[in-house]
Amino acid sequence: MVGHLDLFLFALFTFLYIALLIWGIKLAAKYGWSSSANIVLFVVVGLIYDNGILALGRFIGEGNILEALNLARYWLHAFFTPLLVIFSWNALKRANMKSAKSKAAMYVTVLITILLVIVELITEVVGISLKATWDYGILSYENVEPSNGPPIMVLIISVILLIASIIVWWRQKWIWFFIGSAIMIGGSFIPIPIESGAATNLFELILLTSLIATKSFQDKKSSI
């Protein structure tokens, strides 16, 4: 029964991320593709892939194909998740934070993003060894030596998102960016009393929904 629950949840999350992607594409088509806020769409694509592969794993079956598909999950996570730093910087710019509009802020943002990609590749991806794992009815390939606690990259990005969300809340009276960031951080540390490996992915979905909603809010505000 639990296995069927996780299969349902991963499939549901996949479709909900597809809906988020469509929403984000519509916003970009309406308000312009040039905004660096659109970079959040890469993160959404990565999560569509991540949840989709987890949902399909048992149907693909053990073997080299599924292992390669799961390895790609780690690479996409390393390259796409740090892009949230750029989204945070853009949100601060659009909240009319003067210091965020400087070239120095842009260079620092890009540098932090690149460094986080490198850190994640070195600590979590390069040289990774995967093994087939059945977890709550979901077949995937996971790291033979899983890290203890959240990776450094995730912790740093969580802090950056939280700080940016507080500033946006303060300057634009928009609380949903903060709520999404706070729920994501809280969900990472508070154990859920549910026998499921998919339930914690709900926090990521809430975060990304809050980010697309923030983009929508700031798009509309900047077009006035």
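In which hand, left or right, does α6 pass α8? The crossing is left-handed. The model discussed here is predicted.

## Helices α6 and α8

Helix α6 covers residues 152-172 and helix α8 covers residues 201-223. The two pack at an angle of about 35°, and their axes lie 13 Å apart.

On the α6 side, the contact involves Leu161, Val168 and Gln172. Their partners in α8 are Leu207, Leu211, Phe217, Gln218 and Lys221. Sorted by class, the α6 contact with α8 comprises five nonpolar residues, two polar residues and one charged residue.

## Helices α7 and α8

Helix α8 also packs against helix α7, which spans residues 176-189. Here the axes come within 8 Å and cross at roughly 165°. An angle over 145 degrees counts as roughly antiparallel, and α7 and α8 are therefore roughly antiparallel to each other. The crossing of α7 past α8 is left-handed.

From α7, the contributing residues are Trp176, Phe177, Gly180, Ser181, Ile183, Met184 and Gly187. From α8 they are Phe203, Glu204, Ile206, Leu207, Ser210, Leu211 and Thr214. By class this contact has eight nonpolar, five polar and one charged residues. Leu207 and Leu211 of α8 take part in the contact with α7 and also in the contact with α6.

## Helices α4 and α5

Helix α4 (residues 83-94) packs on helix α5 (residues 103-125) at an angle of about 160°, with 8 Å between the axes. That angle makes α4 roughly antiparallel to α5. The α4 and α5 crossing is right-handed.

In α4, the residues in contact are Leu83, Val85, Ile86 and Trp89. They meet Ala105, Met106, Thr109, Ile112, Thr113 and Leu116 of α5. The class count for this contact is eight nonpolar and two polar residues, with no charged residues.

## Helix α2

Helix α2 runs over residues 40-60, a stretch of 21 residues. At 1.5 Å a residue, α2 should span 30 Å, and the 29 Å between its end C-alpha atoms agrees with that.

A bend of about 35° is found in α2 at Leu54. After α2 comes Gly61, which has a positive phi, near 90°.

Note on methods
Residues numbered from 1 in each chain as written. Predicted model: local features only at pLDDT ≥ 70, side-chain atom pairs only at ≥ 80, totals over all residues. Heavy atoms only, no water. Axes fitted to C-alpha atoms, helices over the stretch in contact; angles between N-to-C directions. Helix = DSSP H or I, 4+ residues; strand = E, 2+ residues; numbered from the N terminus. Parallel < 35°, antiparallel > 145°, perpendicular 65-115°, else oblique. Left-handed = near helix turned anticlockwise from the far one by under 90°. Contact = heavy atoms within 4.5 Å. Nonpolar A, V, L, I, M, F, W, Y, C, P; charged D, E, K, R; others polar. Expected span 1.5 Å × (residues − 1). Bend = angle between axes of the 7 residues up to and from the residue.
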